[in-house]
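Here are my notes on the model you passed along, written as numbered points. Keep the structure open while you read.

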Amino acid sequence: MGEKQKELKGQGAEPVDMNHILRARRDKLSELQGAGEDPFLITKFDQREHSLEIREHPEAFEGKTVSVAGRILSKRVMGKASFLHLQDREGKIQVYVTRDSLGEDRYRGFKKLDIGDLIGVEGFVFTTKMGEISIHAEKLTLLSKSLYPLPEKFHGLQDTDVRYRQRYVDLIMNEDSRAVFVKRSRIIHEIRSFLADRDFIEVETPMLVDNAGGAAARPFETHYNALDEDVKLRISLELYLKRLIIGGLERVFEIGRVFRNEGLDTRHNPEFTLMELYQAYTDYNGMMELTESLFRHIAEKVCGTSLISYQGTEIDLGKPFRRLTMTEAVKEATGIDFDEIKELEEARRLAKERNIPFEERHGIGDIENLFFEEFCEEKLIQPTFVMDHPVEISPLTKRKPEDPSKVERFELYIYGREMCNAYSELNDPIDQRERFLAQDALAAAGDEEANHTDEDFLHAMEIGMPPTGGIGYGIDRLVMLFTDTPAIRDVLLFPTLKSLSKDNTQVHEDKKDEEAASDNNGFFTPNDKIDFSNVKIEPLFEEEVDFDTFSKSDFRAVKVKACEAVPKSKKLLKFVLDDGTGTDRIILSGIHVYYEPEELVGKTLIAITNLPPRKMMGIDSCGMLLSAVNNKKDSDEEELHLLMVDNHIPAGAKLY
């Protein structure tokens, strides 16, 4: 079966000859062009109404002529009269088509239209006997011919990987997906409206920078040919916006893309939308008030209520948000008061007792933050401001006058997730230089996420920066909250995905390898090419196991519903699996070195499902995913390759 034939089968239809379908649609186009009716020569259509306004106000449109345009999603031909459903940007509306209204020739042309074709319809509005608001077509114009079929209408587009790669098809087939992105636009509009009412001005700052600072993240690097200089993509908006505060603009904000060279999971994408704002003559308390008011404003304007639901949990944005310090949060969760810990060795001892991994460079404040991440974050469900972070983890923040080991900073947590990060901004250029030097030292010690000294920014601060409150919001996570969406890729129109094909420059030299690998039929993404001359296979039968023992292992096919990196672990991936029982199975696997989470979603793997649960990073792992392992010659280094099987094998299928 050809590749395109399999695509159609994967979407729920019976296997068909895809080449025949494609040829038939092109033949129809050729016939139209031969008759002088090439739809691609049409440049415009007078679209005066949309489906939603007609459906919501039938009394205003009843009997009146309207002009709508959109895509055919379904069609029922019944002799002299037929029905179709037309979809525009606001939804669907039924169209009634008759031979008497269009004429013999036009009706014959209508019957040749395909699902997916774009048409314009002029006609009058009426209500059918079944009570459905419809348009009686008096004129129908083919505006664009669809040369490739849409997914089968009943099943829709369910493959998450295809949805993300072909968002254009996802938007056509999935109303919920389209509604999320319409709502996203409304959310951003309300943010701009809210800030405009508070006298903020919107600005734009550079994306290509010499020094990517303002956050703890590894940047992407590129080369600027015209200047023959290496540059970086920005990881934050902070340092340029502060320059504008110094310049006297007083209240500024920017909504823009930033880029962080990190992994992908349900809450992280390497390019994402960030909003940062800075307000002169206020502090982090002013930012707390602004944030609480902003979230409440968005909820009421976009959701119609301050009591929203996220993943089955009610979130009350109408009540005053809770406020507590990081030290109070850790003490509440663990009984440990880090204000009483004065020696680094004591902090390290406590971390070891609680199985908190730390690095040699970590100070007391770093370890306190690790405790917070491990024991507190996920418990902060209702809106909570966590304040007064250790100075070690806040290089750009003003110290608390009464406690120089802390800074005036807060993070807002909702549903266990950080929603924003705010400071009383550091405006002392001498202190700022010292903190940059400390960050330089961390970078020299191997910390790829450390900041670097920015001399121009320091010069700007020496000109004089007023007391300022600043804050950064992850717009994508904010949209996830207000659209009740579990994964960041569902609120990004075009999320970052691993390429399906190799770089064009490698095509010819890799041709033989691709031909040899053609048997995998595209149902999995293989690891990088293995140099088998450098592979050592373990000897067979070094240890024997009796048949009865082996037969007790329950090997099953499982399908990956979701996959994400386990926080604070560089190796573990957390898999949510369909094992055929109807209940999700969680398995952790140390495979992150070889695979990114998003490339595994939708794959069919093999697991042992009758192992007892085992705690890994505090999470019950219920089973084991099978991998093939090879060792490199003259090396202890291993390579793991997940066992993947054809996706037509159902979840729960038992291996014999």
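**Notes on the predicted model**

1. Let's start with a charged pair: glutamate 104 and arginine 99 form a salt bridge, with 3.8 Å between the closest N and O atoms. Bear in mind that this is a predicted model. Glutamate 104 is partly exposed at 44% relative accessible area, and arginine 99 is partly exposed too, at 25%.

2. Now the overall picture. The protein has 656 residues, of which 46% count as buried. You'll find 19 helices and 31 strands in it. If you take the contacts with a separation of 6 or more, 63% of them come from residues 24 or more positions apart. The accessible surface is about 34,300 Å², and carbon and sulfur atoms contribute 50% of that.

3. Back to charges. The whole structure contains 44 salt bridges. One of them joins the side chains of arginine 198 and glutamate 289, at 2.9 Å from N to O. This pair ties together distant parts of the chain, 91 residues apart: arginine 198 sits in the loop between helix 9 (175-197) and strand 6 (201-202), while glutamate 289 belongs to helix 11 (residues 284-303). Arginine 198 is partly exposed, with a relative accessible area of 24%, and glutamate 289 is partly exposed as well, at 36%.

4. For a local pair, look at arginine 349 and glutamate 353, whose salt bridge has its closest N and O atoms 2.7 Å apart. How far apart are these two residues in helix 13? They are four residues apart in that helix (residues 344-353), so about one helical turn separates them. Arginine 349 is partly exposed, at 41% relative accessible area.

5. There is also a salt-bridge network worth a look: Arg25, Lys28, Asp114, Asp117 and Lys145 are joined through shared partners. Arginine 25 is in helix 2 (residues 18-34). Is arginine 25 buried or exposed? Its relative accessibility is 8%, so arginine 25 counts as buried. Apart from neighbours within four places in sequence, arginine 25 is in contact with Asp114, Ile115, Lys145, Ser146, Leu147, Tyr148 and Pro149. A polar atom of the arginine 25 side chain also lies 3.0 Å from the backbone oxygen of serine 146.

6. Next, strand 11. Why call strand 11 (residues 271-280) largely enclosed by the rest of the structure? Because nine of its 10 residues are buried. Strand 11 pairs with strand 10 (residues 251-259) in the antiparallel sense, over nine bridges. Within that pairing, valine 258 has phenylalanine 272 of strand 11 as its bridge partner. Strand 11 also pairs with strand 20 (residues 468-474), again antiparallel, over seven bridges. There, leucine 277 has isoleucine 471 of strand 20 as its bridge partner.

7. As background, most residues other than glycine have a negative phi. Aspartate 199 has a phi near 70°, which is positive although the residue is not glycine. Aspartate 199 lies in the loop between helix 9 and strand 6, the loop that also holds arginine 198. With 61% relative accessibility, aspartate 199 counts as exposed.

8. The other one is glutamine 311, a residue other than glycine with a positive phi, near 50°. Where is glutamine 311 placed? Glutamine 311 is in the loop between strand 12 (307-310) and strand 13 (313-316). Glutamine 311 is partly exposed, at 35% relative accessible area.

Methods
Residues numbered from 1 in each chain as written. Predicted model: local features only at pLDDT ≥ 70, side-chain atom pairs only at ≥ 80, totals over all residues. Heavy atoms only, no water. Buried < 20%, exposed > 50% of the residue type's maximum accessible area, 1.4 Å probe, protein only. Contact = heavy atoms within 4.5 Å. Areas by Shrake-Rupley, 256 points an atom, 1.4 Å probe, with all protein chains shown as cover. Polar contact = N/O pair within 3.5 Å; in protein donor to acceptor, adjacent residues only side chain to side chain. Salt bridge = Lys/Arg side-chain N within 4 Å of Asp/Glu carboxyl O. Pairing = 2+ DSSP bridges.
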